[in-house]
Amino acid sequence: MAIYSQDELNELHQKFMDTVISDMMLDQAKALLKKHKDQGDYLLIITATNEFVTGPIAKYLGVDDLIASQCEKIDGKYTGKPCGIPSFQDGKITRLNEWLESNPMDLEGSYFYSDSHNDLPLLKMVSHPIVVDADETLTQYAKQQDWDIISLR
């Protein structure tokens with residue numbers, strides 16, 4: 001069972017946001033998000049990282065929704081165990097399909113940005129797969145598919 005209360009976890013997370021995440025926020029990435037938002041696009045993050053870490057980041061970025069791996073909570077405290085389907089590789093597809101069933105949207109005209117070959121199943125589903133500062137495996141695949149390759153650094 002977790003040794004920290006929710007208030008303590010929130011405080012630790014805020015320190016993490018202030019000391020680590022805020023310095024990582026690249027101007028080009030913020031501009032890209034703003035461009036999509038200004039176009040009226042719905043912004044959805046799909047990540048394998050757990051929601052405790054990524055939820056406040058998504059909120060900070062002004063993203064509309066988040067699909068992230070879930071952590072088990074019992075009596076309001078994290079147990080350290082995962083729960084549900086992790087949003088990793090094909091799990092991202094499963095979780096996205098579940099999300100699409102519950103939301104009035106589809107993937108027509110959709111964009112997906114990724115840096116990891118682990119996201120190939122999802123990149124293959126969207127209208128506009130875009131590779132960003134990616135690992136070598138994904139970069140080579142993207143070149144073969146003639147996908148856009150960009151850098152935000």
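Student: Which residues form a nonpolar patch on the surface here?

Tutor: Areas come from the Shrake-Rupley method with a 1.4 Å probe, and for residues only the protein chains shown count as cover. In this case, Ile-3, Tyr-4 and Leu-12 make the patch, with about 320 Å² of accessible area together. Remember that this is a predicted model: local features need pLDDT of at least 70, side-chain atom pairs count only at pLDDT 80 or more, and totals for chains, interfaces and linings use all residues. Residues are numbered from 1 along each chain as its sequence is written, and side-chain values use heavy atoms, with hydrogens and water left out.

Student: Is Ser-116 buried or exposed?

Tutor: Buried means under 20% relative accessible area, exposed over 50%, partly exposed in between (1.4 Å probe, protein chains only). Ser-116 is buried, because its relative accessible area is 15%. Tyr-4, at 39%, is partly exposed.

Student: What does Ser-116 contact, leaving aside neighbours within four places in sequence?

Tutor: Contact means heavy atoms within 4.5 Å. On that basis, Ser-116 touches Asp-135 and Leu-138.

Student: Which residues of H1 are buried?

Tutor: Helices (H or I, at least four residues) and strands (E, at least two) are DSSP runs, numbered from the N terminus. Leu-9, His-13, Met-17 and Ile-21 are buried in H1, and their cover includes helix H3 (51-61) and strand E3 (77-83).

Methods:
Patches are made of residues with over 30% relative accessible area and no salt bridge: like charges are joined within 9 Å, nonpolar side chains (Val, Leu, Ile, Met, Phe, Trp, Tyr) within 5 Å. A salt bridge is a side-chain nitrogen of Lys or Arg within 4 Å of a carboxyl oxygen of Asp or Glu.
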